[in-house]
Amino acid sequence: MEKKRLNDLRADDYLDISDAPKEETIESTEKMRTAIALEMNSDEAYDVFRKAILREAKENAIKEGGLMAHSKQMSTVLNFCGNMILEAALTREEAMSSLDLLARGVRTLPTRFEQWNEKGRPKEL
Amino acid sequence: MEGDVPEIEKILKLKPAVEEHVEETDRLKKAIELELTPEEAFIILRQRISAKAKEIADGFKNSARAGFEGHRYQMKLTLNFAGNLVLDSAITEKEALEALDLLSKGLRGKKTEYQEWEEEQRRKDGEKKTE
């Protein structure tokens, strides 16, 4: 993995879908009680989630280098995406067709990195 | 139940990542200051998506469409967030598409939460009948 260049990155280097984190084991901390009490809307919660992933990736980049951090970030993201879809979809068929649709949607938009190349460095990087 | 599943094509509207659209409210600042781990933040996000979907379903009270509309909204939010997460993290479009392809392979062996719930109900019903 370390020797790969960015263009050589392959998704199957990093996916491992595990079970979603259990609410009952995490919710009990003071930090979580405070976060739940804030009653954020879903956009705010997504923003907090995205920033948490980015913060972890930055910490990993300092410890293990950019490529390893990116690999771990992708792994985390795919794991959470998989769990979110399994939670929302009723049937496996619906989950699979939603992923197909997602792929079609993703083709229409640039990645954040591609946006960065076009418009300049994003503020949080 | 199959007939109640919304057509996916009608529910996805991928919009760009949200931070440009999210107002920096005090509660958002407080939440960011908590420095939640991704697992903790994921639980909050999951709860908020479910709460919003329930709110939508409640709006259709006493209507056969309540569950359908709640589910439709939940799928829409979930897919939008999942799409943005992948676009935020992948470097190239090729990597993003490969990641989604891999995700669909990974999901093939998994059951949805609803399917697990259904199986659990059937198991419980079976136990009651045996008793």
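Analyst: Buried means 20 or more other C-beta atoms within 10 Å of the residue's own, exposed means 12 or fewer, and partly exposed is in between, with C-beta atoms placed from the backbone. Keep in mind that this is a predicted model, where local features need pLDDT of at least 70 and side-chain atom pairs count only at pLDDT 80 or more, while totals for chains, interfaces and linings use all residues. Residues are numbered from 1 along each chain as its sequence is written, and chains are lettered from A and ligands numbered from 1 in the order in which they are written.

User: What span should helix 2 of chain B have, and how far apart are its end C-alpha atoms?
Analyst: The expected span is 1.5 Å times one less than the number of residues. Helix 2 of chain B has 22 residues, so it should span 32 Å, and this agrees with an end-to-end C-alpha distance of 31 Å.

User: Which residues of chain B does A:Phe49 touch?
Analyst: Contact here means C-beta atoms, placed from the backbone, within 7 Å. Leaving out residues up to four places away in sequence, A:Phe49 touches B:Pro38, B:Ala41, B:Phe42 and B:Leu45.

User: How many residues of chain B are in contact with chain A, and which helix of chain B gives the most?
Analyst: On the chain B side 68 residues take part, against 66 residues of chain A. Helices 1 to 5 of chain B each give two or more residues to that side; helices are DSSP runs of H or I with at least four residues, strands are E runs of at least two, and both are numbered from the N terminus. The one that gives the most, with 14 residues, is helix 3 of chain B.

User: Which residues have the most contacts inside the largest nonpolar core?
Analyst: A nonpolar core is a set of buried Ala, Val, Leu, Ile, Met, Phe, Trp, Tyr and Cys residues joined through C-beta atoms within 7 Å. In this one, helix 3, helix 4 and helix 5 of chain A and helix 1, helix 2, helix 3 and helix 4 of chain B each supply at least two residues. The core has 51 residues, and those with the most contacts inside it are A:Val48, A:Phe49, A:Cys81, A:Ile85, B:Ala82, B:Val86 and B:Ala99.

User: Is B:Gln121 buried or exposed?
Analyst: B:Gln121 sits in helix 5 of chain B. It has 10 C-beta neighbours inside 10 Å, so B:Gln121 counts as exposed.

User: How many helices are there in chain A, and how many in chain B?
Analyst: Neither pattern has a strand: chain A has zero, and chain B has zero too. Along the sequence, chain A reads α-α-α-α-α-α and chain B reads α-α-α-α-α. That makes six helices in chain A and five in chain B.

User: Where in chain B is the confidence of the helices lowest, and where is it highest?
Analyst: pLDDT is the predictor's confidence in each residue, from 0 to 100. Chain B averages 81, with 83% of the residues scoring at least 70. The lowest mean is 85, in helix 4 of chain B, and the highest is 91, in helix 1 of chain B.

Key:
Contact = placed C-beta atoms within 7 Å.
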